[in-house]
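Biologist: I'd like to learn how to read a structure like this one. Could we go through it together, feature by feature?

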2 protein chains.
Amino acid sequence: MVPPHRRDEFALIDAFTRPFGVPASPFGPGDDAAVLDVPKGHRLVVTTDALVEDVHFTRATFRFEDVGHKALAVNLSDVAAMGASPLSFLCALSLPDDVEDAQLVAVARGMAALARKAGITLVGGNVTRGPKLSVTITALGKIPSSARPLCRDGARPGDDVYVSGALGDAAAGLAQPRPRDRQRRPAPEVRLGPALLGLATACIDVSDGLAQDLGHLAAASRVALELTAKDLPIGTHAKAAATSGPQALNWALTGGEDYVLAFTAPRRSARRLAAIAANLRRRITRIGSVVSGRGLWLDGRPLESTGFRHR
Amino acid sequence: MVPPHRRDEFALIDAFTRPFGVPASPFGPGDDAAVLDVPKGHRLVVTTDALVEDVHFTRATFRFEDVGHKALAVNLSDVAAMGASPLSFLCALSLPDDVEDAQLVAVARGMAALARKAGITLVGGNVTRGPKLSVTITALGKIPSSARPLCRDGARPGDDVYVSGALGDAAAGLAQPRPRDRQRRPAPEVRLGPALLGLATACIDVSDGLAQDLGHLAAASRVALELTAKDLPIGTHAKAAATSGPQALNWALTGGEDYVLAFTAPRRSARRLAAIAANLRRRITRIGSVVSGRGLWLDGRPLESTGFRHR
């Protein structure tokens with residue numbers, strides 16, 4: 001049933017894994033599965049996400065290094081959004097015949113560079129032929145057993161709403177030939193996420209757009225979120241690229257792919273959050289409040305009525 | 001960059017996850033990642049493998065239930081080959097537009113039925129559009145920290161070589177319109193694998209064919225394996241379908257996809273292995289010996305020289 005590979009599967013795996021250096025697991029890759037220790041007093045966090053050619057990227061706009069970087073980045077963003085620290089990851093590849101070995105190694109290099117920054121490495125994976133280049137990552141993280149993971153359902157009336165980093169730059173990059181780097185090489189909040197444990201009441205990463213993602217958080221928490229447009233940290237690229245103020249605001253609210261964290265925290269946490277921001281050199285901006293009710297509001301109006309898409 | 005889904009992604013996820021019942025994780029699916037406990041005194045085992053349409057299956061020969069079953073089965077086989085017990089799993093789906101919701105639910109039903117048998121459930125996943133139906137599973141298992149995982153490199157001269165179940169039935173099914181069920185719905189050795197801890201010295205699951213898989217085990221262990229052709233447990237389907245003795249033997253040696261376990265164990269373990277086989281009602285057959293040297297031998301001749309493919 002499985003047609004013979006155009007090339008030697010084992011040589012391919014060897015080339016792909018080399019940029020990652022020594023495997024973290026004493027028993028993998030190379031055996032049937034990897035064996036790992038979850039550090040004592042910790043729970044395991046696990047997530048999976050795929051990057052598919054011509055759905056999430058095209059070869060015209062992404063370098064192969066970008067594909068490797070982004071496939072891992074979007075998974076590390078999900079791990080961070082739970083308040084977990086990255087532990088290791090697996091990579092399942094689907095390869096069309098027209099991807100050359102050197103291009104595959106470029107995917108690995110982009111992935112390995114981000115993995116090194118996050119202090120983790122590849123512990124397993126799989127390679128198969130397929131009609132399009134597709135990279136499916138499963139990321140593992142750890143979270144202290146004593147901590148409450150950062151879920152979507154913990155926001156309470158009286159909390160403040162925050163977002164890290166800047167919004168809209170990824171979307172602004174999409175609308176222009178350059179710069180696209182925020183969209184191709186997002187920087188997941190691997191250090192901020194764990195720092196929010198015990199402070200944030202709810203958290204989500206901004207992948208589909210602030211409006212949609214905060215909409216999920218509001219629904220899960222059964223609260224309303226009131227945002228203030230002028231407080232949204234619109235990115236410099238979005239500001240520079242926008243032909244109008246509403247366009248920049250639209251990118252910030254609905255553009256998505258910024259891979260920053262949106263979260264809620266009680267007012268009394270404000271000073272500790274400011275200290276964390278200073279310590280990690282990450283911007284954390286208060287953008288609104290949690291109130292009783294339902295849905296997402298912008299400057300006092302339901303977001304739907306403002307004309308912004310809110311899927 | 002991500003085109004709008006033809007259908008509601010959240011309704012799709014809801015329909016897919018329903019056959020699995022209540023999520024095993026208190027925090028997933030539905031949040032950014034699942035949070036799990038690895039039971040005290042255990043290490044984590046993790047593996048990933050994909051089933052891709054027109055590479056590993058076609059819609060003409062597989063029911064959608066079969067796709068779900070097999071995608072999980074091949075991963076549970078890898079977990080079992082390490083001596084680990086299944087813990088939970090994640091599922092990343094790539095969906096072409098012509099897969100209907102009911103067909104997707106059929107994939108989930110086939111997967112959920114096997115998951116229930118194995119005592120596990122789905123804890124996370126992802127869905128994306130893609131050119132072909134593709135199911136990438138990441139399976140998690142647990143293994144006592146005190147046990148040595150069953151790796152490929154532990155075979156020692158003097159050990160016996162064993163295989164569980166029967167060989168060649170999956171390949172025989174491929175050569176015929178019917179029966180194909182051994183090839184579409186393999187039964188991973190989820191109970192036998194963990195039972196071999198402390199007894200087997202090396203272990204691998206038979207996915208690519210006995211000759212190739214035992215070749216990996218021999219190479220990793222730096223030993224030679226001497227097999228006896230008449231001792232190979234050729235399956236009843238293979239025997240019935242073969243037009244000659246050599247054809248049945250060829251299926252048994254090179255057909256692959258039987259998803260049984262091939263392993264080595266010291267002679268003194270023979271009685272305990274027989275007791276395990278009786279207890280689990282699984283056949284375990286001694287098929288040869290480990291000797292010093294290199295490579296795989298059949299009836300005293302190097303396997304390569306016998307005309308059997310040995311990739």
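Biologist: Let me start with two helices. In which hand does α1(A) pass α3(A)?

Modeller: The crossing of α1(A) with α3(A) is right-handed. Keep in mind as we go that this is a predicted model.

Biologist: Which residues make the contact between α1(A) and α3(A)?

Modeller: From α1(A) come L12(A), A15(A) and F16(A), and from α3(A) come D101(A), L104(A), V105(A) and A108(A). Sorted by class, this contact has six nonpolar residues, no polar ones and one charged.

Biologist: And in chain B, at what angle do α1 and α3 pack?

Modeller: Helix α1 (residues 9-17) of chain B and helix α3 (residues 101-118) of chain B pack at about 40°, with 8 Å between their axes. So α1(B) is oblique to α3(B). Their crossing is right-handed. Here L12(B), A15(B) and F16(B) of α1(B) meet D101(B), L104(B), V105(B) and A108(B) of α3(B). The classes for this contact are six nonpolar, no polar and one charged.

Biologist: OK, let's zoom out to the two chains. What rotation superposes chain B on chain A?

Modeller: Chain B goes onto chain A by a rotation of 180° with 0.0 Å of shift along its axis, and the RMSD is 0.0 Å. The two copies are therefore related as by a two-fold rotation axis. The same surface serves both copies, as 100% of the contact residues of chain B recur in chain A.

Biologist: How many residues of chain B are in contact with chain A?

Modeller: An interface can be read by counting residues, then asking which elements supply them. Here 49 residues of chain B are in contact with 49 residues of chain A. On the chain B side, the elements giving two or more residues are β1 (34-36), β2 (42-52), α2 (64-81), β3 (85-95), β4 (122-129), β5 (134-144) and β7 (202-205). β2(B) gives the largest share, nine residues. By class, that side of chain B divides into 26 nonpolar, 13 polar and ten charged residues.

Biologist: Now a sheet inside one chain. In what order do the strands of the open sheet in chain B run?

Modeller: In chain B, seven strands form an open sheet in the order β7-β9-β6-β10-β8-β11-β12, with mixed pairing. β7 and β12 (301-302) of chain B stand at the edges with a single partner strand each, so one side of each has no neighbour in the sheet. Elsewhere, strand β8 (residues 224-227) and strand β11 (residues 295-298) of chain B pair in the parallel sense over four bridges, and A224(B) has G295(B) as its bridge partner in β11(B).

Biologist: Which strands does α2(B) lie across?

Modeller: α2(B) lies across β7 and β9 (261-265) of chain B, and runs at about 175° to β7(B).

Technical notes. Residues numbered from 1 in each chain as written. Chains lettered and ligands numbered in written order. Predicted model: local features only at pLDDT ≥ 70, side-chain atom pairs only at ≥ 80, totals over all residues. Contact = placed C-beta atoms within 7 Å. Nonpolar A, V, L, I, M, F, W, Y, C, P; charged D, E, K, R; others polar. Least-squares fit on C-alpha atoms with pLDDT ≥ 70 in both. Axes fitted to C-alpha atoms, helices over the stretch in contact; angles between N-to-C directions. Parallel < 35°, antiparallel > 145°, perpendicular 65-115°, else oblique. Left-handed = near helix turned anticlockwise from the far one by under 90°. Pairing = 2+ DSSP bridges.
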